[in-house]
Amino acid sequence: MGSAPCGNCRPDAFFQRLAGQVHHIELETLKLLLKYACNRGILLDNHAEKFRRRKESKPVVRVPTKEEFSALVFELNSSPKAIASGAAAMVEFLAYSGMRVGEAREVRFRDINLEPLPVGRVLITGGISGTKNHEERVIPLFPKLREVIQRIIDNAGDISPDSKLFNTLSPRDAMENAFQRLGVKGFSVHALRHYFASNAMERGINFQVIADWLGHKNGGVLVAKTYGHLRPEFNASIAERM
């Protein structure tokens, strides 16, 4: 509450300053503490019970357009530093695989089968910490993903099956530098995962299949809710079919 004296701080004003998830955690913690005090006769009433969880607006998913993505890829591949660090290849890898960045940096050459589809695939383990849902999954070796991986292999020279594809932890800094050079408003590394999912939806791929590729365990419900709006230009093309 800044420099305001504690005696002047109202509980409702305090909770208004907290971010959504933090607000919920702090409120429930306060309720439990005061309930404990009431049960032991320290307090007569638990005044925190009157406070309710704050309704939060749903965040808007930022899906890069194909033009934005192409401009980023071109700029990164024009930067020797981005190429040498592996950031340029990692951006394409994320966009064509739908992986989280933490999953991508744990992929090893032994996890990849370069045979043509339907045999070709990439095993996603998440390394020591595992994936977000703590389960390994397999995705097909999509054509554009295969091209990126083949370039990585060709440029790597002698490689060990246990070697990781990427030495960089994240392409974030390289992306921010590229956006700055382009003079445009950028997007996050995680937006590359949105890019993959929205492209899959535009191709008419089933929600359940996309969810399996992304590692979701809810049968495609989250995919439909998150990416149902897609890009404005795609919505317009659908409307023209009616």
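A crossing of two helices counts as right-handed if the near helix is turned clockwise from the far one by less than a right angle. I jotted that down before opening this predicted model.

**Entry 1: overview.** I looked up the chain first: 12 helices and 3 strands. Of its 242 residues, 38% count as buried. I also checked contacts with a separation of 6 or more, and residues 24 or more positions apart account for 60% of them.

**Entry 2: α5 against α9.** For handedness, I have α5 passing α9 in a right-handed crossing.

Which residues meet here? On the α5 side I found Val91, Leu94, Ala95, Tyr96 and Ser97, and on the α9 side Leu192, Tyr195 and Phe196. I sorted the residues of this contact into 7 nonpolar, 1 polar and no charged.

**Entry 3: the core.** Next I went to the largest nonpolar core, which has 51 residues. Phe93, Met99, Val122, Leu145 and Leu165 touch the most other members. Elements giving two or more residues to this core include α3 (66–76), β2 (121–124), α7 (143–156) and α8 (172–182), and both α5 and α9 are on that list too. The biggest giver is α5, with 9 residues.

**Entry 4: Phe93.** I finished on Phe93 and what it touches, leaving out residues up to four places away in sequence. My list reads Met99, Ala104, Val107, Leu145, Val148, Ile149, Leu165 and Phe166. Met99, Leu145 and Leu165 were already in my notes, from the core residues that touch the most other members.

Note on methods: Residues numbered from 1 in each chain as written. Predicted model: local features only at pLDDT ≥ 70, side-chain atom pairs only at ≥ 80, totals over all residues. Heavy atoms only, no water. Helix = DSSP H or I, 4+ residues; strand = E, 2+ residues; numbered from the N terminus. Contact = heavy atoms within 4.5 Å. Nonpolar A, V, L, I, M, F, W, Y, C, P; charged D, E, K, R; others polar. Core = buried A, V, L, I, M, F, W, Y, C linked by side-chain atoms within 4.5 Å. Buried < 20%, exposed > 50% of the residue type's maximum accessible area, 1.4 Å probe, protein only.
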